[in-house]
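Subject: Structure for you to look over

Dear colleague,

I am handing over the structure we spoke about, with the sequence alongside it.

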Amino acid sequence: MEFIDLKSQYHASRSAIDQRIHAVLEHGQYIMGPEVAELEQRLARFSGARECITVASGTEALIIALMALGIGAGDEVITTPFSFIATAEAIVLVGATPVFVDIDPTTCNIDPFLIEAKITARTRAIMPVSLFGQPADMEEINAIASRHRLAVIEDAAQSFGATYRGKRSCNLSTIGCTSFFPSKPLGCYGDGGAIFTSDADLAQAMREIRVHGQSRRYVHTRIGVGGRMDTLQCAVVLAKLDLFEWELEQRTRLAARYDALLSGRLGLVGRRPDRHSAFAQYTVIVDQRERMQAELLTAGIPTAVHYPVPIHKQPAYAHLAADPCPMACALAEKVMSVPMGPYMTADAVDGVAFALLRSAQAELPGEPADAIC
Ligand SMILES: *Cc1c(COP(=O)(O)O)cnc(C)c1O
């Protein structure tokens with residue numbers, strides 16, 4: 001069993017993907033070819049946002065969004081420590097300071113009730129992450145942001161396709177950023193990402209920043225980056241988009257099957273009824289993670305940990321001397337993601353669930369893991 005089965009997905013869309021790739025090879029417009037605009041239109045329509053700008057990666061999406069908002073040295077951006085490193089890294093790369101707010105231990109997303117206490121005169125934006133595919137508490141976050149005139153950038157790298165109160169993730173705040181890294185819910189075959197907004201001025205700024213701040217050929221109106229998504233990767237996403245809604249339904253069905261077998265017997269990351277996860281990950285909460293991972297692996301079941309160390313405890317971020325985030329620290333020791341993907345069979349889900357329950361029951365009284373925080 002694979003943790004994320006990309007091969008079955010390729011085979012399900014093979015002729016469409018092959019045709020799309022060959023069309024690019026034939027027309028030869030490898031940079032900013034027609035597939036780029038076509039994908040941006042289709043993704044904008046899918047998300048409900050007015051504008052979509054494809055970019056080189058999810059990380060680049062976050063950097064470009066921050067740059068377009070004019071965020072830099074001396075500014076603070078509030079975010080979660082329980083995410084992939086890129087969330088905080090983007091903030092640091094533009095010269096700003098990440099300010100970490102602890103998570104809600106139920107959902108593992110940023111706790112909106114702890115945000116306001118961290119707002120200072122330097123705060124410019126809030127960057128929540130829709131972790132594991134489930135949108136963060138965007139309405140509460142947007143309300144705080146509008147009271148304090150802050151921008152909200154949703155790091156939706158894991159949640160493309162998710163919904164929140166009837167709207168799509170990426171269209172829930174000032175700017176939404178996603179990633180097409182191969183293992184994300186909508187992946188390409190390399191690096192790629194996209195930015196969403198309904199603000200025309202921000203969209204224009206982000207289009208320019210993506211291409212070295214260029215407003216017309218060789219007229220560089222602002223400082224930018226080399227941040228384009230290449231035509232071949234856009235072609236792959238276009239081909240995969242046709243099956244995406246079906247894939248989301250499939251993920252939902254398999255997650256419900258995991259839920260039915262595990263809930264009440266094993267700790268699960270909580271989900272809220274007003275939103276629908278894209279299930280980038282299916283994550284359980286266990287006490288003896290290392291032992292369980294080893295036992296599952298022996299049974300042929302790969303697992304992964306997202307994330308073993310909260311960002312504020314990473315060596316490169318220690319100098320920020322962030323306030324303690326006890327929930328993020330506690331969950332970092334206990335979360336374990338299990339195989340999930342639209343091409344998994346129901347039998348495979350049952351097999352993983354039973355192996356999990358068997359392993360959890362064998363709980364040993366042994367030593368607790370070394371504390372990270
Ligand atoms: C994957 C990911 C990113 C970065 O995306 P890349 O396309 O790999 O640059 C950023 N934030 C989160 C939460 C992610 O999961």
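The second largest pocket of this predicted model holds about 230 Å³ of space. Its lining is made up of 19 residues, and those nearest the centre of the pocket are T59, F84, A157, S179 and K184. The elements that contribute two or more residues to this lining are α4 (58-68), α5 (86-93) and β8 (175-179), with α4 giving the most, namely 3 residues. By class, the lining of the second largest pocket divides into 8 nonpolar, 8 polar and 3 charged residues.

The lining of the largest cavity has 5 nonpolar, 6 polar and 1 charged residues.

Turning to the aromatic side chains, a search of the whole structure finds 8 aromatic pairs. In one of them, F160 and F196, the ring centres are 5.7 Å apart and the planes meet at 25°, which is under the 30 degrees used as the limit for stacking, so the pair counts as stacked. This pair links distant parts of the chain, since F160 sits in the loop between β5 (151-155) and β6 whereas F196 belongs to strand β9 (residues 193-197), 36 residues apart. Both F160 and F196 are buried. A second pair, W246 and Y343, has ring centres 5.6 Å apart and planes at 50°, so it is classed as tilted. W246 lies in helix α9 (residues 244-262) and Y343 in the loop between β15 (335-338) and α12 (346-361), so this pair ties together parts that are 97 residues apart in sequence. W246 counts as partly exposed because its relative accessibility is 36%. Ring pairs also link F46, F160, F196 and F244 into a cluster.

Next, the strands: an open sheet is formed by 3 strands in the order β7-β6-β13, with antiparallel pairing. Because β7 (167-168) and β13 (275-276) stand at the edges and each has a single partner strand, one side of each is left without a neighbour in the sheet. Strand β6 (residues 163-164) pairs with β7 in the antiparallel sense over 2 bridges, and T163 stands opposite R168 in β7.

Which residues of helix α10 (residues 289-298) are buried? They are R289, R291, M292 and L296. Seen down the axis of α10, these buried residues fall within an arc of 160°, so they line one face of the helix. On the other side of α10, E290, L297 and T298 are exposed.

V36 has a relative accessible area of 2%, well within the cut-off of under 20%, and so it is buried. V36 and R124 are 88 residues apart in sequence, and their C-alpha atoms are 31 Å apart in space.

With best wishes

Notes: Residues are numbered from 1 along each chain as its sequence is written. This is a predicted model: local features need pLDDT of at least 70, side-chain atom pairs count only at pLDDT 80 or more; totals for chains, interfaces and linings use all residues. Side-chain values use heavy atoms; hydrogens and water are left out. Two strands pair if DSSP finds at least two bridges between them. Helices (H or I, at least four residues) and strands (E, at least two) are DSSP runs, numbered from the N terminus. On a 1 Å grid over the protein atoms alone, a cavity is a set of points where a 1.4 Å probe fits but cannot get out, and a pocket is an open set with protein on both sides within 12 Å along at least five of seven lines; lining residues have an atom within 4 Å of a point. Grid points are joined across faces, edges and corners, and a volume is the space filled by probe spheres set on the points. Ala, Val, Leu, Ile, Met, Phe, Trp, Tyr, Cys and Pro count as nonpolar, Asp, Glu, Lys and Arg as charged, and the others, Gly among them, as polar. Rings of Phe, Tyr and Trp (its six-membered ring) pair if their centres lie within 6.5 Å; planes under 30 degrees apart count as stacked, over 60 as edge-to-face and the rest as tilted. Buried means under 20% relative accessible area, exposed over 50%, partly exposed in between (1.4 Å probe, protein chains only). The arc is that of the directions from the helix axis to the C-beta atoms.
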